[in-house]
Amino acid sequence: MHLSEMTPEVDTHTHTVLSGHAWSTLTENCLAAKRRGMKGLCLTEHAPAIEGGAPSFIPHSQQMLPDTVEGIRVYRGIEANILDHENHLDVPPEYLRLCEWAIASIHSHMFPEKAKKTENTETYLAMLRDPYIDILGHADDPSVPCDFEALAEEASRQGKLLELNNNSTTAHRPGSLPSLKEYILCCKRRRQRVCVASDAHFHAMVGNVRPLMTLLEELDFPPELIVNLTQEGFEGYLRERITRLKNLH
Ligand SMILES: [Zn+2]
Ligand SMILES: [Zn+2]
């Protein structure tokens, strides 16, 4: 099957109404995933520093969720905000430890020093070295310039992943397409593992990464580098996280 016709079995980046500025419930997101024939989604609400976001992130409340909702496996995650160039996150390590999956993102509208490419790169590298962080969110964002080669090199050294975010193909992150292409080609060249993610803020967006998959096909991206195409591939990575964290203690 061509990449452009494939839907990832697990969407690694989704938001619900709990994020404050998203529009669907977890059940609606899971029903949408089910309709697309998917098997799982990562619940990755915005952490509290984002304005209008969830008032606080309490991973213990996520533990109350069933493992599957409407037959869709819900992986308990978070999209932590990188707050500054001193590598502060708005979720403490003891909370990240309780998650199954942790994204670290810079949101340009709340990151005043976003123009500093060298510092941005160093901050992203520090996040990749943080044992609790699995993946950088939308690091292709051209308003937060960074050195893609350095990111891919460190990600591969640390056994971490890089996210390809479908919103970079749409009006949600305008002007990102050239940068996204460059990011994809860098991952291809370095055989860096990636996730394809919708960053859904509405249930109809869950699992809908068609424009991104079309671009990946055009750029002849190796499907075996996309860990969330299958649930088996994604859970294989999650076992790496578990081993990594076990070795810390
Ligand atoms: Zn984000
Ligand atoms: Zn997001």
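Ring pairs join Y75, W101, F234 and Y237 into a cluster. Rings of Phe, Tyr and Trp (its six-membered ring) pair if their centres lie within 6.5 Å; planes under 30 degrees apart count as stacked, over 60 as edge-to-face and the rest as tilted. This is a predicted model: local features need pLDDT of at least 70, side-chain atom pairs count only at pLDDT 80 or more, and totals for chains, interfaces and linings use all residues. Residues are numbered from 1 along each chain as its sequence is written, chains are lettered from A and ligands numbered from 1 in the order in which they are written, and side-chain values use heavy atoms, with hydrogens and water left out.

**Aromatic pairs**
- The whole structure holds 4 aromatic pairs.
- W101 and F234 pair edge-to-face, at 5.0 Å centre to centre and 75 degrees between the planes.
- This pair links distant parts of the chain, with W101 in strand β5 and F234 in helix α8 (residues 231-246), 133 residues apart. Helices (H or I, at least four residues) and strands (E, at least two) are DSSP runs, numbered from the N terminus.
- W101 and F234 are both buried. Buried means under 20% relative accessible area, exposed over 50%, partly exposed in between (1.4 Å probe, protein chains only).
- F148 and Y183 form a tilted pair, at 4.7 Å centre to centre and 55 degrees between the planes.
- F148 lies in helix α5 and Y183 in helix α6, 35 residues apart.
- F148 is buried at 9% relative accessible area, and Y183 at 0%.

**Zinc site**
- The protein donors of the zinc ion (ligand 1) are E79 (OE), H107 (NE2) and H138 (NE2), 2.1 to 2.2 Å from it. Donors are N, O and S atoms within 2.8 Å of the metal (3.2 Å for Na, K and Ca); water is not among the atoms, so sites may look incomplete.
- Their spacing in sequence is E-x27-H-x30-H.
- E79 coordinates both zinc ions, ligand 1 and ligand 2, which are 3.3 Å apart.
- E79 is buried, with a relative accessible area of 0%; H107 is buried at 10%.

**Nonpolar core**
- Y124, I184 and L216 touch the most other members of the largest nonpolar core, which has 49 residues. Such a core is a set of buried Ala, Val, Leu, Ile, Met, Phe, Trp, Tyr and Cys residues joined through side-chain atoms within 4.5 Å.
- Elements supplying at least two residues each include β4, β5, α4 and α5.
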